[in-house]
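Please look over the sequence and the structure shown here before reading on.

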Amino acid sequence: MDIWHLRGGNRLEGSCFVQGSKNASLPIIAASIISPAATELLNVPQLRDVDAALRILRHLGCTAEQWGGEVYIDSQALCRSEIPHSLMVEMRSSVIFMGALIARCGGARLSLPGGCQLGKRPIDLHLAALRQMGAEIEEAGGEINCRAEGLHGEEIFLPFPSVGATENIMLAAARARGDTVIHGAAREPEIVALQDYLKAIGLEVAGAGTDTVSIGCFRPEKAVSHRIIPDRIVASTIACAAAATGGNVEMRGVDPAHFSTVLHFLKSAGCDIINSNRSVRVKAPARLKAVGELETRPYPGFPTDAQPVLMAALLRAEGRTVITENIFENRYRQVPELQRLGADIAVSGRRAEIWGVDCLRGAALTATDLRGGAAMIVAALAARGESTIFDDGHITRGYERFDMRLRSLGADIYLEC
Ligand code: UD1
């Protein structure tokens, strides 16, 4: 059990470096098995989910090591195409190994993934696309057995721009006969990052960042080195923590375009946002203003992963904010915990109405999921007095040395592991 101890009330001030992206690292780590080439990845965050992905690679027979922000993978000796339940349950993104194993081995056997409990989170879109490409998939007892020796390229129409389904199709298509075109693809920066890596290993792939991604033939390179993009959700979290505490924080090593919707709402809340070369400064007033209506949408819309942390920043904002969560049906699990701090939030289905209160008071909280836990940290930093967050390891799945990073900005926080 991780226990986060916080004393709120300090303004966050200073400058900090933002870690590499978890959600870009994981599919790229899975993609590293597509060809036997050696992969070096730079700027990889040191996180439990990254560890879990590297353990899966080692189970498959690969060499996979992390030294600081560098990961070295050699998948030449890969000798298995099955992943046991104990490894799969550690993170939802393990489902991405399905596409990668299909491309490398012509099949995969795995159990349904773990990860945050944000609702149903089915993988029907992944499976329908793979079946359309010729895979034979049996599902029984939570296990998936996929045989896909003769996979062929297809035109695939995704009814919803699922990030994971887009990534899985891109990976499986790498070794399919003929071209694959994904219509209605997810447009997230992590998809562009995956495309950049796949191009570097020798795959013809184009269109990432638009809703049509096409995958052609594969001429494997011997070795690649690839830098992971900055984490736009960690950047959003730090920006919201600065805003919540009336702070003045510069975030370095970020791509402001990747979280411009979050910055837009912080600006409407009264913050000054100063962008310069790969850095963003958030300068907040003593009290924020409510932002009216806000809805989560697939990229380039407002990211569902930043919804809990922006909600936390707005708990003391003057006026009323209404959030509509359109991506996950169970993404308000942080609300009862935020209410323990004195927040005035009413949830009805997908809508949450927040009335800014004058003051939040520290309390004992329990982290419900990764971003919900981060939201509790943001809110507790803005609350008077002490808070304790009991966390079954959710927050450290996505935030690298978060206590140290926030302490360097003046927060009174420490993590007891
Ligand atoms: C990824 C991110 C996650 C983020 C989410 C949405 C990673 C590791 N995780 O998750 O942090 O919150 O994108 O931006 O990158 N859906 C289906 N059927 C499917 C697939 C998805 O109905 O086959 C639904 C899901 O239940 C959910 C929505 O589509 O309601 C979005 O899911 P998706 O975009 O696939 O998210 P993930 O890839 O799981």
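In the chain, residues 24 or more positions apart account for 71% of the contacts with a separation of 6 or more, where contact means heavy atoms within 4.5 Å. This is a predicted model, in which local features need pLDDT of at least 70 and side-chain atom pairs count only at pLDDT 80 or more, while totals for chains, interfaces and linings use all residues. Residues are numbered from 1 along each chain as its sequence is written, and side-chain values use heavy atoms, with hydrogens and water left out.

**The chain as a whole**

The chain holds 13 helices and 24 strands; helices (H or I, at least four residues) and strands (E, at least two) are DSSP runs, numbered from the N terminus. Its radius of gyration is 21 Å, close to the 22 Å that the globule rule gives for 417 residues, so the chain is as compact as a globular protein of that length. That radius is taken over C-alpha atoms, and the globule rule is 2.2 Å times the number of residues to the power 0.38. Along its principal axes, the C-alpha trace spans about 65 × 40 × 40 Å. Of the 417 residues, 57% are buried, a word that stands for under 20% relative accessible area, with exposed meaning over 50% and partly exposed in between (1.4 Å probe, protein chains only).

**Around the ligand**

The ligand is surrounded by 18 residues, and the closest are Asp 124, Leu 125, Ser 162, Asp 305 and Ile 327; a residue is near a molecule if one of its heavy atoms lies within 4 Å of it. This shell divides into seven nonpolar, six polar and five charged residues. Helix H5 (124-132) and helix H6 (163-173) each supply at least two residues of the shell, and the largest share, three residues, comes from H5.

| Residue | Distance from its polar backbone atom to a ligand oxygen |
|---|---|
| Val 163 | 2.8 Å |
| Ile 327 | 2.6 Å |

Taken alone the ligand exposes 740 Å², and the protein buries 85% of that; these accessible areas come from the Shrake-Rupley method with a 1.4 Å probe, and for residues only the protein chains shown count as cover.

How many of the eleven residues of H6 are buried? Nine of them are, so H6 is largely enclosed by the rest of the structure. Among these buried residues are Ala 165, Glu 167, Ile 169 and Ala 173. At the start of H6, a side-chain oxygen of Ser 162 reaches to within 3.5 Å of the backbone nitrogen of Gly 164.

**Single residues**

Thr 180 lies in strand E11 (residues 180-183) and counts as buried, with 0% relative accessibility. Leaving aside its neighbours within four places in sequence, Thr 180 is in contact with residues including Ile 169 and Ala 173, both of which are buried in H6.

A cis peptide bond, with omega about 10°, joins Tyr 299 and Pro 300, and Pro 300 has its place in the loop between strand E18 (292-295) and helix H10 (307-313).

Asn 43 is not a glycine, although it has a positive phi of about 65°; it lies in the loop between strand E3 (38-42) and helix H2 (48-59), and at 15% relative accessibility it counts as buried. Arg 401 has a positive phi near 40°, sits in the loop between strand E23 (385-391) and helix H13 (402-408), and is partly exposed, with a relative accessible area of 43%.

How values were computed
Polar contact = N/O pair within 3.5 Å; in protein donor to acceptor, adjacent residues only side chain to side chain. Nonpolar A, V, L, I, M, F, W, Y, C, P; charged D, E, K, R; others polar.
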